Number of protein chains: 2
Amino acid sequence: MTAQPDQNPANADRIIISVDAMGGDNGPSAVVAGIAKSAEKNPDIGFILHGPKQVLKPLVAKRSGLSERVQYRDTPDVVTMEDKPSHVMRNGKSTSMWSALESVRNGEAQGAVSCGNTGALMALSVIRLRKLPGVNRPAIAILFPSRNPQGFNVMLDAGADIRADAPDLLQYALMGASYARNGVGLKRPRIGLLNVGTEEHKGRPELKEAHALIARFAEQADFDFVGFVEGSDIPGTTADVIVTDGFTGNIAIKTGEGTARMIADLLREAFQYSLLSRLASVLAITSLGRLKKRIDPRRVNGGVFLGLNGTVVKSHGSADATGVSAAVKLAFRLAKSGFSEKLAARVASTVELAQDVAEPARRTAEQQQKEEGQA
Amino acid sequence: MTAQPDQNPANADRIIISVDAMGGDNGPSAVVAGIAKSAEKNPDIGFILHGPKQVLKPLVAKRSGLSERVQYRDTPDVVTMEDKPSHVMRNGKSTSMWSALESVRNGEAQGAVSCGNTGALMALSVIRLRKLPGVNRPAIAILFPSRNPQGFNVMLDAGADIRADAPDLLQYALMGASYARNGVGLKRPRIGLLNVGTEEHKGRPELKEAHALIARFAEQADFDFVGFVEGSDIPGTTADVIVTDGFTGNIAIKTGEGTARMIADLLREAFQYSLLSRLASVLAITSLGRLKKRIDPRRVNGGVFLGLNGTVVKSHGSADATGVSAAVKLAFRLAKSGFSEKLAARVASTVELAQDVAEPARRTAEQQQKEEGQA
């Protein structure tokens with residue numbers, strides 16, 4: 001690591017979150033505003049801030065009481081949104097993103113938060129923190145607003161890897177269940193496998209195979225498997241955790257976000273249409289504010305990287321203070337619950353069994369396809 | 001064909017739409033209500049109605065002026081939503097769905113509309129109407145509300161086939177452009193290829209290959225190719241036509257629909273929260289009605305099957321009179337514009353060139369991947 005430690009004994013009893021201050025669309029000022037917001041609300045949190053110290057220190061100094069909660073790691077370079085992950089893996093040692101992960105790796109911090117380039121952050125996380133034993137593809141889990149009592153559903157993979165075969169999807173189900181339990185507080189989460197229909201004969205071969213695998217693990221891993229679910233169930237009430245590959249997951253999230261944004265725009269226009277509608281909008285402002293808060297993506301900001309030795313939260317690139325603060329809160333909650341260790345234990349306990357089960361299950365799925373072909 | 005013709009000379013100068021009256025969630029009464037609505041608005045339209053005549057005739061008789069616009073094909077059986085396509089293909093000859101397609105096949109009608117089982121309708125359409133020469137996989141094109149001036153974007157494939165390789169995606173681009181031109185009235189549609197990012201190095205190999213293929217055809221086929229687009233562009237303004245495989249397309253549509261439904265529900269709840277918010281909702285009712293109309297899926301109801309000899313419009317299974325009427329209107333508009341013939345000519349003119357281009361393009365894409373791997 002190139003950055004020099006800058007110890008601060010006041011942080012001794014706090015949970016320390018390592019924060020990449022650079023690389024977000026709104027620059028370090030939004031990140032510092034976000035951690036100030038978190039610090040104000042939560043006395044048990046401390047920060048290691050990564051970036052050019054001469055830029056960060058004045059920003060922190062402006063926030064009363066924040067300086068004594070922050071340590072710095074002075075790093076000169078920044079990963080941009082355009083940098084290819086392969087380039088960052090080779091040349092990124094002096095970046096704030098690399099340094100932020102290093103603090104988790106060496107145990108100085110209990111979790112990392114970054115608003116930067118997702119692909120680079122995942123690539124660096126894999127090489128620096130390493131995958132958990134038995135995990136083939138790490139995944140990004142996000143929270144999607146839903147009609148469920150908890151207000152949102154977990155969906156993974158949201159785009160860590162564009163491929164996923166049946167054993168990967170099983171891993172996602174196990175990791176997603178663990179996240180829903182420890183991060184969201186659902187004792188027995190309901191897991192759904194995303195497909196183009198709910199009938200068991202539908203969809204791609206790897207989905208039928210994954211269906212069989214996940215069903216076999218539900219009891220042991222302490223979740224309910226509701227079988228195949230459809231796109232409409234992502235914001236719905238059928239499942240708490242939606243499992244899919246990173247290609248499909250990425251498209252689904254962005255379609256949902258785009259649809260919500262379109263409706264918000266059209267709602268605004270509808271209320272500006274006439275004098276009466278403007279008057280209505282003044283009276284409706286509290287109601288609309290309530291709705292906006294309910295589905296505000298900033299409130300559930302933060303994709304969690306699952307399947308690594310350590311907690312990494314990817315905040316939205318365009319996050320403002322509210323968004324950064326939500327991502328920090330999530331990292332704090334996960335660190336405090338010992339999520340990373342619990343997930344590791346959960347995966348380890350199932351890896352062996354999974355290997356025993358995967359091969360026969362694969363053969364069964366192939367057999368079924370053959371029989372259907374003959375029918 | 002099992003059903004007997006029941007000629008009505010009054011229909012001589014009209015465009016005749018063949019309507020499967022059965023198989024929708026709301027039964028034949030919703031379908032008859034829908035065609036009555038269409039008949040009222042449009043004097044140039046006539047119908048062939050397929051289903052049990054003793055059920056349909058009284059429903060038609062209740063609508064003034066409708067009887068003289070309707071011919072019947074008396075069919076005893078119905079394709080249910082649960083029937084497997086393979087079963088219907090073997091045993092469906094006496095169903096209203098089969099009969100509805102038959103009227104297009106033998107030239108009695110210029111287009112067919114059904115609210116029934118999508119998989120069965122597509123399977124029957126392929127075996128009875130046959131694919132256009134040069135089309136490997138027919139596609140379903142739907143209209144998705146968007147911020148574009150025309151109010152919606154075309155997206156295909158919405159779920160006809162869960163697979164699509166690069167030449168299929170090229171066909172979808174050609175067919176989608178033709179539909180946008182003839183069905184939606186866009187002279188030079190902008191085509192986007194759905195991916196997890198807009199950078200050219202992202203996504204699956206077949207998408208990189210399709211990117212190269214579509215780019216080479218844009219000029220000749222008279223559309224603009226905007227390259228890769230993301231899920232957020234489906235309701236956005238970047239492209240008019242979104243091209244993707246039927247698996248991803250199905251997930252994206254249903255996620256968008258589910259998100260819109262969730263927001264509508266939450267909006268309703270937000271306005272019922274307090275006395276003031278209820279008052280606001282009374283004043284806002286016109287504004288909200290305007291918004292609702294703008295994104296009402298019933299107004300753009302109808303997935304069009306592309307790549308077949310003949311026009312088939314799949315109405316939503318849960319369509320009410322408004323929805324059925326919108327699907328009929330779409331079938332009428334397409335029939336009147338001679339869309340089916342224009343699409344066939346467009347595909348034919350590009351098939352030969354496509355075959356010349358596909359092979360070298362495939363080699364180029366493979367070469368690129370190799371080079372990236374080495375870089």
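**Two chains, one shared surface**

Let's start with how the two chains meet: 100% of the interface residues of chain A are also interface residues in chain B, so the copies meet through the same surface. Keep in mind that what you're looking at is a predicted model.

You can check the arrangement by turning one copy onto the other. A rotation of 180°, with 0.0 Å of shift along its axis, superposes chain A on chain B with an RMSD of 0.1 Å. The two copies are therefore related as by a two-fold rotation axis.

Now zoom in on the meeting place. Here 53 residues of chain A are in contact with 53 residues of chain B. Together the chains bury about 4900 Å² between them, and carbon and sulfur atoms give 71% of that area. Who loses the most area on chain A's side? Those residues are Arg147(A), Arg204(A) and Phe247(A), which together account for 13% of what that side buries.

Across the interface of chain A and chain B, the rule finds eight salt bridges. One of these pairs the side chain of Asp245(A) with that of Arg204(B), at 3.6 Å from N to O.

Which elements of chain A give two or more residues to the side that touches chain B? They are β5 (139-145), α8 (246-271) and α9 (275-295). Of these, α8(A) gives the most, with 21 residues. Sort the residues on chain A's side by type and you get 27 nonpolar, 15 polar and 11 charged.

Most residues other than glycine have a negative phi, and most peptide bonds are trans. Against that background, look at the peptide bond from Leu156(A) to Asp157(A): it is cis, with omega near 0°. Asp157(A) sits in the loop between β6 (152-156) and α6 (166-182) of chain A. In chain B, a cis peptide bond joins Leu156(B) and Asp157(B), with omega about 0°. Then there's Asp222(A), which has a positive phi of about 65° although it is not a glycine. You'll find Asp222(A) in the loop between α7 (205-217) and β8 (224-229) of chain A.

Finally, how confident is the predictor? Chain A averages a pLDDT of 87, and 89% of the residues score at least 70. Residues 1-11 of chain A stay under 50, and the model has 32 contacts beyond four places in sequence for them. Over residues 371-375 of chain A the pLDDT is also below 50, and this stretch has two contacts beyond near neighbours in sequence.

Definitions and conventions:
Residues are numbered from 1 along each chain as its sequence is written. Chains are lettered from A and ligands numbered from 1 in the order in which they are written. This is a predicted model: local features need pLDDT of at least 70, side-chain atom pairs count only at pLDDT 80 or more; totals for chains, interfaces and linings use all residues. Side-chain values use heavy atoms; hydrogens and water are left out. Contact means heavy atoms within 4.5 Å. Buried area is the accessible area (1.4 Å probe) that two parts lose on being put together, summed over both. A salt bridge is a side-chain nitrogen of Lys or Arg within 4 Å of a carboxyl oxygen of Asp or Glu. Helices (H or I, at least four residues) and strands (E, at least two) are DSSP runs, numbered from the N terminus. Ala, Val, Leu, Ile, Met, Phe, Trp, Tyr, Cys and Pro count as nonpolar, Asp, Glu, Lys and Arg as charged, and the others, Gly among them, as polar. pLDDT is the predictor's confidence in each residue, from 0 to 100. Copies are superposed by least squares on the C-alpha atoms of residues with pLDDT of at least 70 in both.
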